[in-house]
Amino acid sequence: GPKVGGDQVWAYHPDKTCPHPPMTGWKMLYNGPIDQTLLVTPQWVGGAGYGMPLSMPPLAPAPVGPAPVGLKSFGPCTGNMQQRTQQLLEQKRLGELQKQAQLLNSKKDMEQRRVEEQKKQTATLAIRRVIQKARGATAETLTAIQAELAVTKAAHLENCGTQKAAILQECDKAIMQAQIQIQAFAAQKKAMVDKSEKMKAELEDRKRQMEENKKKIAENKVKLEEDMQRQKEDAIRKRSEDVKKAREAAMKKIDDDKRSKVEAEERKVKEHQTVVAVRKVLQKVRMARPEQFDEAKQELDAVLQLELDHCGSQKEVIKQEVAKLMEQAQFRIDKINEQRARQQEKRDIVMKLCSELEVLVGDAESAVVKLKESAAFFEDPAELSVTDVEEISQVIQEGVVESSIRLQACTNYIAEHGKDMKDPMPLSNNEPQEITQRMTTLRKRIRDTEQASTATFQMAQDAKEKAMRHAWANNKLQEMKGLFTKYASSIEDTLTRSEITKYALGEFKFTVPEPVLDTIFRNIVPEGGNGVKLQDFTLLKAAIGVAREKVRDARKAEDREKAKVVLGAKIDETKASLAAAAKAAGKMDRQIQRLVGKVKTTPVPQMLKLADHTDGLVALATTAVAAASAFVKVVQEALTPDMRIDFAKDTAQFATAEKALQIRVETAANLCGRFRESAAKKQASEIERFRGAVLKIISYNQRTQSLNADQLFDKLDADGDGAISSDDFVKFVESAEKKLDDEPEEAEDAAGAKEDDLEEAHKKGSSADEEEEDDEDEAEIAAVAGAVAGAEEEDAAGLGDEYSAKRLAGLFSHLAEGQLKIPKDDFMRVIRTYYKCVKETVITDGMSIKESKPVRRLEVNEVLEIIEGPIKDDVFSVMRVQGRMVKDGLEGWISIAGNRGTVFLQRGGNLYKVVKETTLNHTLALEPGATTKTLPVGEVLEMHEIPRLDAVSGFTRMKAKVKSEGSVGWVTTMENPKNMFVQLL
């Protein structure tokens with residue numbers, strides 16, 4: 001049934017002609033046997049049940065009387081027409097009643113047939129139930145079932161109708177089958193009993209045979225054990241005898257071996273002692289010096305004469321060693337004698353060099369002695385004049401130079417001959433190091449001489465300064481006496497008032513005021529004195545100097561007031577210049593604000609027009625700020641230290657305003673540069689997108705026309721000259737079917753997708769106050785809008801259609817990199833498509849995911865070159881490509897994205913970024929002396945050929961194009977996995 005534990009069942013009936021569900025003959029399975037236990041009893045709901053006649057509704061009487069109101073009479077014809085109409089209605093009503101009566105009779109007949117069918121099915125079911133029992137009857141139950149079948153047939157056979165004969169045949173057949181089954185069962189049972197008896201007899205025979213076999217086995221076992229015991233005893237006896245004989249033989253052999261071994265050991269010990277004695281003397285001969293060699297040789301001859309015959313088996317070996325050692329010892333003695341001769345010769349040369357150096361050291365020491373003698377003149381400087389001091393200093397200076405020259409000669413001599421002034425290699429450890437000791441002494445004398453020269457010179461300098469100060473003081477005193485005597489003519493050793501006035505006027509061009517003279521006489525001249533004495537002359541000079549300074553201060557105050565007036569005018573000019581610069585900077589800032597938010601929405605030509613206009617405003621502001629800075633600089637230069645306090649506020653405001661204006665100009669220039677860079681990036685992005693779209697069109701047409709790369713090149717090279725011209729390229733794309741491959745959308749590039757960074761930068765960098773636009777700004781805005789609109793119209797007129805000839809020609813120039821035509825190799829590189837893995841996926845060996853096998857996993861950032869595709873896998877509804885892995889050259893199929901939107905591959909993989917400074921040159925191999933170009937960190941490279949290993953250097957290198965300036969060459973990408981120079985973008 002449709003539900004476990006429910007009250008419904010599914011049943012099937014083979015009779016499809018019955019108008020209502022039969023009561024019997026149902027199958028519980030469609031092709032299973034009929035289930036005799038399933039009976040269907042119909043129950044009719046509402047109205048009469050089976051066999052109940054339905055009453056016929058009475059006929060309605062015909063209407064009698066006048067015509068209904070609203071019908072008009074038109075004479076006899078009209079009355080006949082009404083009567084005819086009533087007759088037609090009556091006939092129609094009678095026909096409907098007859099149809100109803102026929103329908104009721106038909107239903108009654110159907111009910112009668114149903115009741116008869118039900119009786120027939122009930123009778124048939126009752127008899128067939130007994131038949132079913134008969135089919136499974138046994139010998140004990142067959143008689144009872146036959147009696148029950150007879151009673152059931154008597155009761156229900158007449159109601160079976162047309163199935164009566166079939167039922168009788170089934171009854172006979174069932175009884176016959178039951179009898180056959182009972183007979184077969186009886187025969188089978190008898191056969192099983194006979195077989196059981198036979199198996200029982202066979203079992204008894206086998207049991208008897210097993211008993212007999214067991215008895216025989218027991219007898220054989222006893223006999224075998226007796227034989228084995230006898231053989232074992234014989235084997236033990238024989239083995240015992242063999243062991244005894246073997247033991248006796250072994251003991252005898254052990255005794256013999258022990259005796260012979262003792263004799264051999266004694267012989268060996270004696271030989272060893274003899275050999276050791278001989279070799280001890282040999283060692284003396286080997287180590288003997290030339291003067292000891294003859295004595296050691298005589299001792300060796302004596303030992304050999306006494307002990308050689310006792311060496312036994314080592315006799316010949318000892319003879320060979322003696323002969324060889326004597327030859328080696330003689331060679332060594334000769335070599336030592338030669339070395340001694342060479343060393344003596346070398347020692348003589350070194351001793352000569354040491355003697356020469358000793359002479360130079362003596363000269364240096366003599367020069368230092370003379371220097372000390374010259375410096376001794378400064379010990380009593382009281383009687384020395386300045387000229388004397390200078391002459392003595394000159395002599396000392398010459399002495400220092402001479403001693404320095406002599407010391408430098410010693411140093412140079414050591415530098416030139418020092419490597420040769422060493423003791424020769426000693427032939428023994430006891431030889432004295434004479435030259436080394438002598439050189440140590442000489443070096444110490446040089447250091448002492450140098451220190452003495454330096455100390456003497458320093459002492460002379462100190463004495464010179466002391467003597468010079470003493471001599472200078474004497475000279476000054478004499479000068480002052482001469483000057484005093486020059487003006488003190490009236491009274492000896494005294495300057496009167498008039499003489500003081502002459503002295504100030506003659507020496508300083510200064511007229512001493514009377515109050516100053518009074519002050520001088522009051523403070524310097526003793527009471528009752530006539531004038532200033534010689535010992536107070538310095539005080540007079542000081543007083544006159546103070547008076548001169550006071551006059552000078554008064555003059556400076558007057559000049560300062562005049563300078564303030566001039567500086568005030570310059571400050572007013574500076575304020576006006578700063579105001580003009582602020583106005584120009586305001587225009588510049590408002591123009592920068594107009595650029596904010598226009599990177600994404602403004603076409604590139606309009607962006608360039610706006611950038612040019614903004615650069616002009618920045619240049620005007622820069623000029624104005626420079627002019628204002630010049631005024632500020634003039635003010636700062638005109639400020640004297642005593643005016644800085646008076647004008648501190650103005651100068652501080654100028655400095656703040658100047659710095660703010662400079663920051664605004666620098667920020668605006670930076671923002672305008674970024675806006676221009678955004679335009680360049682956007683232009684490059686548009687070119688790359690257009691390039692990608694055109695390459696997709698070429699790829700689609702190549703795939704739909706089943707062209708390989710060579711055939712595609714031939715198709716584009718319309719004139720067959722081996723290169724593609726701009727006209728060839730434009731004609732092919734214009735005539736090609738404009739359909740792009742069905743690939744997942746890639747993320748928009750940084751130039752267009754991310755937020756306008758100009759706005760953020762302007763918010764961070766701009767500090768200008770908001771100013772309202774004036775009429776001049778409005779006119780300027782209108783002019784810029786007109787220029788931008790002109791650029792927009794020019795751009796629209798030039799481009800028009802998305803794939804216009806002008807845009808295609810521009811793309812061709814970009815792809816050709818400045819050439820007039822694209823050669824075949826360059827074209828193959830241009831149409832080559834790369835993808836990079838952004839999420840780990842599987843490489844398979846076939847296009848169909850269902851029918852292919854995995855090859856290996858594709859790791860993130862792996863790059864592959866597209867061979868074929870994209871092709872759609874209809875089973876999983878994904879786009880797949882066949883590619884060649886750049887990493888190992890493996891070819892296989894990969895899904896671009898999953899059917900749930902997970903992206904595995906993205907276009908790219910041919911752009912790299914320099915992460916460590918490297919070089920660019922023209923060949924794959926790193927050749928010494930080749931012309932190279934340094935690539936700084938951050939430089940972007942476009943791959944032209946996949947990275948490969950340079951067999952000479954062992955580095956991985958790649959042919960690439962420098963995106964910033966277009967150079968093409970080979971660059972080192974990796975030295976080893978831990979030392980990368982470039983990295984995939």
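**Overview**

Mentor: Of the protein's 985 residues, 31% count as buried. Keep in mind that this is a predicted model.

Trainee: How many helices and strands are there?

Mentor: The protein has 19 helices and 19 strands.

Trainee: And what does the accessible surface come to?

Mentor: About 63700 Å², and 54% of that belongs to carbon and sulfur atoms.

Trainee: What about contacts across the sequence? What share join residues at least 24 apart?

Mentor: Among contacts between residues at least 6 apart in sequence, the share is 65%.

Trainee: Let's look at helices. How do H3 and H4 cross?

Mentor: Helix H3 covers residues 164–287 and helix H4 covers residues 293–307. Their axes come within 9 Å and cross at roughly 165 degrees. Angles over 145 degrees count as roughly antiparallel, so that is how H3 and H4 run relative to each other. The crossing is left-handed.

Trainee: Which residues make that contact?

Mentor: On H3 they are Thr 274, Ala 277, Val 278, Val 281, Leu 282, Lys 284 and Val 285. On H4 they are Phe 293, Ala 296, Lys 297, Glu 299, Leu 300, Val 303, Leu 304 and Glu 307. By class, the contact of H3 with H4 has 10 nonpolar, 1 polar and 4 charged residues.

Trainee: Next pair. At what angle do H8 and H10 pack?

Mentor: About 65 degrees, with the axes 12 Å apart. Helix H8 is residues 497–508, and helix H10 is residues 537–595. The crossing of H8 and H10 is right-handed.

Trainee: And which residues touch there?

Mentor: H8 contributes Ile 500, Tyr 503, Ala 504 and Phe 508. From H10 come Phe 537, Leu 540, Lys 541, Ile 544 and Arg 548. The contact of H8 with H10 has 7 nonpolar, no polar and 2 charged residues.

Trainee: I clicked on Ala 668. Buried or exposed?

Mentor: Ala 668 has 2% relative accessibility, so it counts as buried. Ala 668 sits in helix H12, residues 648–704.

Trainee: What does Ala 668 touch?

Mentor: Leaving aside residues up to four places away in sequence, Ala 668 touches Met 588, Ile 592 and Val 618. Ala 668 and Gln 593 are 75 residues apart in sequence, with 9.8 Å between their C-alpha atoms.

Trainee: Where is Ser 404?

Mentor: Ser 404 is in helix H6, residues 386–417. At 37% relative accessibility, Ser 404 counts as partly exposed. The C-alpha atoms of Ser 404 and Thr 454 are separated by 9.4 Å, although these residues are 50 apart along the chain.

Trainee: Loops now. What is phi of Asn 861?

Mentor: Phi of Asn 861 is near 75 degrees, a positive value in a residue other than glycine. Most residues other than glycine have a negative phi.

Trainee: Where does Asn 861 lie?

Mentor: Asn 861 lies in the loop between strand S7 (854–858) and strand S8 (863–873). Its relative accessible area is 52%, so Asn 861 is exposed.

Trainee: And what is phi of Ser 877?

Mentor: Near 55 degrees, which is also a positive value in a residue other than glycine. Ser 877 is in the loop between S8 and strand S9 (878–885). With 48% relative accessibility, Ser 877 counts as partly exposed.

Technical notes
Residues numbered from 1 in each chain as written. Predicted model: local features only at pLDDT ≥ 70, side-chain atom pairs only at ≥ 80, totals over all residues. Heavy atoms only, no water. Axes fitted to C-alpha atoms, helices over the stretch in contact; angles between N-to-C directions. Helix = DSSP H or I, 4+ residues; strand = E, 2+ residues; numbered from the N terminus. Parallel < 35°, antiparallel > 145°, perpendicular 65-115°, else oblique. Left-handed = near helix turned anticlockwise from the far one by under 90°. Contact = heavy atoms within 4.5 Å. Nonpolar A, V, L, I, M, F, W, Y, C, P; charged D, E, K, R; others polar. Buried < 20%, exposed > 50% of the residue type's maximum accessible area, 1.4 Å probe, protein only. Areas by Shrake-Rupley, 256 points an atom, 1.4 Å probe, with all protein chains shown as cover.
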